[in-house]
Amino acid sequence: MLSDLKTQVRQWLRFEKKQYTSSRMRAKEKRGTIFTVWFSLWDIWYYSQLSGGDASEAIDQSMDTLFEQLGIIADNWPLGAKIILPEAMDPTFLPGWSVKRTGPAGSDHRADDQRNAIQLVKQWNSELDQRASNWRKGQIYIYSTNDWMMDQVREAQLVIEHMADHNGLGHSGSPWDSVHSACVDTTANRSHSHGTKEKALGPATCSNPHKYLFWDDMHLGPEAHKMIGQGIAQDIAESHGDSWFAHEQPEESKDPEPETASDKKPSVS
């Protein structure tokens, strides 16, 4: 949750002070640094259980905290902060929502939390876009994470039905074997017997994690993160050119050549 963001920013500031003191961070690395701040999932997960007014107020407070911390980052980054902010995903599509909320053992049999969560995602993303457009302490790139996830789910469903939509979803098949279940099955704890002793092996994990949209009940899988990162990098390169990425300046040259864009790309964590 966003309270944890404050802790992470404080830790980052302590680390940066050491870096500046030792002068270990080159100018190229500073120019090529891109901050990725992705908070929202657990906030919306818990806020969905609040009443409408309280939940909406909680979103406002989270936005205040988020941009307060972004301001601290920008104030301590001399070259102008470049920040990627993925939008909130709809948590009701996560495998964990069915397990913990609307499923047989869940707490939301009337789907009240589900309806709240859907509205809160819309509010979160709307406020994120609005505040980012008015922020003047650096550059912010907003990524429509929820739209991307919805497209993955929709495309997989279209492929199953041997259909395609007007946007082309379904024409080329789906990269996923599953968009509903997770690679890691936390409900199936395994054990291994060795003589008279039994050793716990932990949750069962699928053999092909790159084919699962979700890693576990609450998180996207490694291939999903890779695809999102590649999409962000491509979009930024197309809309901003190479201004977001690091450049290498020759240290000794009588006739310095123009700086060239490096291969450093933003990543999503």
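**Burial and surface.** I looked up burial first: of the 269 residues of this predicted protein model, 42% count as buried, where buried means under 20% relative accessible area, exposed over 50%, and partly exposed in between (1.4 Å probe, protein chains only). The protein exposes about 15,400 Å², and carbon and sulfur atoms supply 49% of that area; accessible areas come from the Shrake-Rupley method with a 1.4 Å probe, and for residues only the protein chains shown count as cover.

**Conventions.** I noted that residues are numbered from 1 along each chain as its sequence is written, and that side-chain values use heavy atoms, with hydrogens and water left out. The model is predicted, so local features need pLDDT of at least 70 and side-chain atom pairs count only at pLDDT 80 or more, while totals for chains, interfaces and linings use all residues.

**Elements and contacts.** I find eight helices and nine strands; these are DSSP runs numbered from the N terminus (helices H or I, at least four residues; strands E, at least two). Among contacts (heavy atoms within 4.5 Å) between residues at least 6 apart in sequence, 70% join residues at least 24 apart.

**H4 against H6.** I checked helix H4 (residues 52–75) and helix H6 (residues 112–133), which pack at an angle of about 35° with their axes 10 Å apart. Axes are lines fitted to C-alpha atoms, for helices over the stretch in contact, and angles run from 0 to 180 degrees between N-to-C directions. The contact residues include Ile-59, Met-63 and Phe-67 of H4 and Leu-120, Trp-124 and Leu-128 of H6.

**Core.** Of its 58 residues, Phe-67, Leu-70, Trp-148, Leu-213 and Leu-220 touch the most other members. H4 gives the most to this core, with nine residues. Beyond its neighbours within four places in sequence, Leu-70 contacts Val-37, Ile-83, Leu-85, Trp-135 and Ile-140.

**Gln-152.** I located Gln-152 in helix H7. Gln-152 counts as buried because its relative accessibility is 8%. Not counting residues up to four places away in sequence, Gln-152 touches Pro-175, Trp-176, Val-179, Leu-213 and Met-227.

**Gly-168.** I found Gly-168 in the loop between helix H7 (145–160) and strand S4 (178–182). Its relative accessible area is 24%, so Gly-168 is partly exposed. The C-alpha atoms of Gly-168 and Glu-155 are separated by 9.0 Å, with the two residues 13 apart along the chain.

How values were computed
Core = buried A, V, L, I, M, F, W, Y, C linked by side-chain atoms within 4.5 Å.
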